[in-house]
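Let's take a friendly tour of one protein chain, stopping at a few spots along the way. Keep the picture open while you read.

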Amino acid sequence: MPEHLEKPKIVVTNALWDDATKRSGAYLKDIIEKCKEKLNAYDVRLLRGVLDTKENYRREAPSACLHIGTGHGRPPEYLGWANKGILNTEDERKYKEGMIHYLVACHLAKELGPNLIKDGAKAFLGFKDEVKMVASANKDPLKDRFLKATIGPLWEGLPKLLEGGTIQEAKQAIFRALQREFHEWKDKNQLVAGIIEWNYEQLQLMGDPNARLIEPQEPPSPPPSHPESGDLDIDLVLEPITVPVEIKLKVFGYTIPFKTSIEIPEQRLKGKGIPKRS
């Protein structure tokens, strides 16, 4: 990207407040790290832990194309560090409009999601009821196979968005990941399979399903092409011409000049192509 152009901004809100948000937040951090190369094309603002505040969100949100995050939620409000509000239905339009909101938090699709769309957000991807998980006690979240199955798939939409996909394609990527985990667990552990199925059913998409982080640009017009051999039909008529000719004859050591002319009749050339330039 040329230096004079600003990179599109992504705001990441990651509460990392209690056990539940630390577990979900670990997978958000992990997908951000896995997408590091793709994220080089964006201006990424990470609001993690104590930085995940309303004040910081409000400073970054008005110029962002994506708000992705995890924390607790209640129908009208998304919560950050210390369960303090980050975004709610009463907030000004400028903190909502023009972006995609992709939030792994409970209950937001009931009130906040529709409100975001009403106030000009491109799309909202979130959950109607609780986001559920199964976890092992005192275990690194990224090494916990139960969390990997129930929470890990919820972040699979980010790579699709960063590749230029639509929010609908991002949702389908999450669905496919949940379906894979469900088929993996349905005969092994009914509790885990049931939680996967629950999260699948709660995921909601609102707004424009074709919304993207960056709208596709029209390809530039190709430069005018120069015809190559075989591009053109040729039909040329050469008019008759008279060419003067001077001949010198040698006879017994003497040179005898002799002048005459040659008549070239009309000729017609037909075919395809013109010679290529070397």
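Is Glu77 buried or exposed? With a relative accessible area of 13%, Glu77 is buried, because anything under 20% counts as such. Keep in mind that this is a predicted model.

**Around Glu77**

You'll find Glu77 in strand β5, which covers residues 77–79.

| Side chain | Partner side chain | Polar contact |
|---|---|---|
| Glu77 | Arg74 | 2.7 Å |
| Glu77 | Asn88 | 3.4 Å |

Setting aside residues up to four places away in sequence, Glu77 also touches Gly85, Leu87, Leu108 and Leu112, among others.

**The whole chain**

Now zoom out. The chain has 8 helices and 13 strands, and 40% of its 278 residues count as buried. Take the contacts between residues at least 6 apart in sequence: 68% of them join residues at least 24 apart.

Leu161 is 52 residues away along the chain, yet the C-alpha atoms of Leu213 and Leu161 are 6.6 Å apart. Beyond its neighbours within four places in sequence, Leu213 is in contact with residues including Ile10, Tyr42, Ile100, Lys122 and Leu162.

How far apart are the end C-alpha atoms of helix α8? They are 18 Å apart, and this agrees with the 18 Å that the 13 residues of α8 (residues 190–202) should span at 1.5 Å a residue.

Which residues of α8 are buried? They are Val192, Ala193, Ile195, Ile196, Asn199 and Gln202. An α-helix has 3.6 residues a turn, so residues three or four places apart point the same way. The buried residues of α8 pack against β8 (123–127), α5 (145–150), α7 (167–185) and β9 (203–207).

Let's look at one of those partners. The axes of α7 and α8 come within 9 Å and cross at roughly 160 degrees, which means that α7 is roughly antiparallel to α8. On the α7 side, the contact involves Phe175, Leu178, Gln179, Glu181, Phe182 and Trp185; on the α8 side, Val192, Ala193, Ile196, Glu197, Asn199 and Tyr200. The crossing of α7 past α8 is left-handed.

Methods: Residues numbered from 1 in each chain as written. Predicted model: local features only at pLDDT ≥ 70, side-chain atom pairs only at ≥ 80, totals over all residues. Heavy atoms only, no water. Helix = DSSP H or I, 4+ residues; strand = E, 2+ residues; numbered from the N terminus. Expected span 1.5 Å × (residues − 1). Buried < 20%, exposed > 50% of the residue type's maximum accessible area, 1.4 Å probe, protein only. Contact = heavy atoms within 4.5 Å. Axes fitted to C-alpha atoms, helices over the stretch in contact; angles between N-to-C directions. Parallel < 35°, antiparallel > 145°, perpendicular 65-115°, else oblique. Left-handed = near helix turned anticlockwise from the far one by under 90°. Polar contact = N/O pair within 3.5 Å; in protein donor to acceptor, adjacent residues only side chain to side chain.
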